[in-house]
Amino acid sequence: MPTLSAVELPPVIIDIEASGFGRGSYPIEVGFVLKDGLSYCSLIHPVPQWTHWDPAAEHLHHISPQCLLEHGQPPSRVAAALRSEEHTSELQSPCNLVCRL
């Protein structure tokens, strides 16, 4: 197994949970871990237009609509938090897609 050198840091990882699978789904939780170990995680309060909910997805992530309503942050606040982190110019998802904020 390869080892990381002192200059080769692990990638920044982002993980997103969704209300369902496919078209109509929306993000309900986002989290990331930066190369320096700083982490961020937030539930997302759905906006009124976001109505799709798939019980099969809830079965996997165990996040209920009620939990989002009670504990979620507005999507604009979560997006601002992601953009404000100085190290989040490049995030890598678990499926190895790279996005730039």
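At 35% relative accessibility, I13 counts as partly exposed, because a residue is called buried only under 20% and exposed only over 50%. This value, like the others in this report, is computed from a predicted model. I13 lies in strand β1, where I13 stands opposite V33 in β2. Although 20 residues separate I13 and V33 along the sequence, their C-alpha atoms are 5.5 Å apart in space.

## The overall fold

The protein chain contains 3 helices and 5 strands, and, when it is read along the sequence, these elements follow the pattern β-β-β-α-α-α-β-β. Of its 101 residues, 27% count as buried, and the accessible surface comes to about 6,900 Å², with 58% of that area belonging to carbon and sulfur atoms. Among the contacts in the chain that have a separation of 6 or more, 50% are made by residues 24 or more positions apart.

## How the strands pair

The pairing of β1 with β2 is antiparallel and runs over 6 bridges. β2 also pairs in the antiparallel sense with strand β3, residues 39–43, over 5 bridges, and in this second pairing F32 has Y40 in β3 as its bridge partner. The hairpin of β2 and β3 has 5 residues between the strands, and in this hairpin G37 takes a positive phi near 95 degrees.

## A buried serine in a loop

S19 lies in the loop between β1, residues 13–18, and β2, residues 27–33.

The side chain of S19 reaches the backbone oxygen of H52 at a distance of 3.2 Å. If the neighbours within four places in sequence are left aside, S19 is in contact with G24, S25, Y26, I28, H52, W53, D54 and A57.

In soluble globular proteins, nonpolar side chains tend to be buried together. Which residues form the largest nonpolar core here? This core has 8 residues, namely V12, I14, V30, F32, L34, I44, V78 and L82, and the elements that give two or more residues to it are β2 and α3, the helix of residues 75–84. A second, separate core has 5 residues, including Y26, L43, I63 and L68.

Technical notes: Residues numbered from 1 in each chain as written. Predicted model: local features only at pLDDT ≥ 70, side-chain atom pairs only at ≥ 80, totals over all residues. Heavy atoms only, no water. Helix = DSSP H or I, 4+ residues; strand = E, 2+ residues; numbered from the N terminus. Buried < 20%, exposed > 50% of the residue type's maximum accessible area, 1.4 Å probe, protein only. Contact = heavy atoms within 4.5 Å. Areas by Shrake-Rupley, 256 points an atom, 1.4 Å probe, with all protein chains shown as cover. Polar contact = N/O pair within 3.5 Å; in protein donor to acceptor, adjacent residues only side chain to side chain. Core = buried A, V, L, I, M, F, W, Y, C linked by side-chain atoms within 4.5 Å. Pairing = 2+ DSSP bridges.
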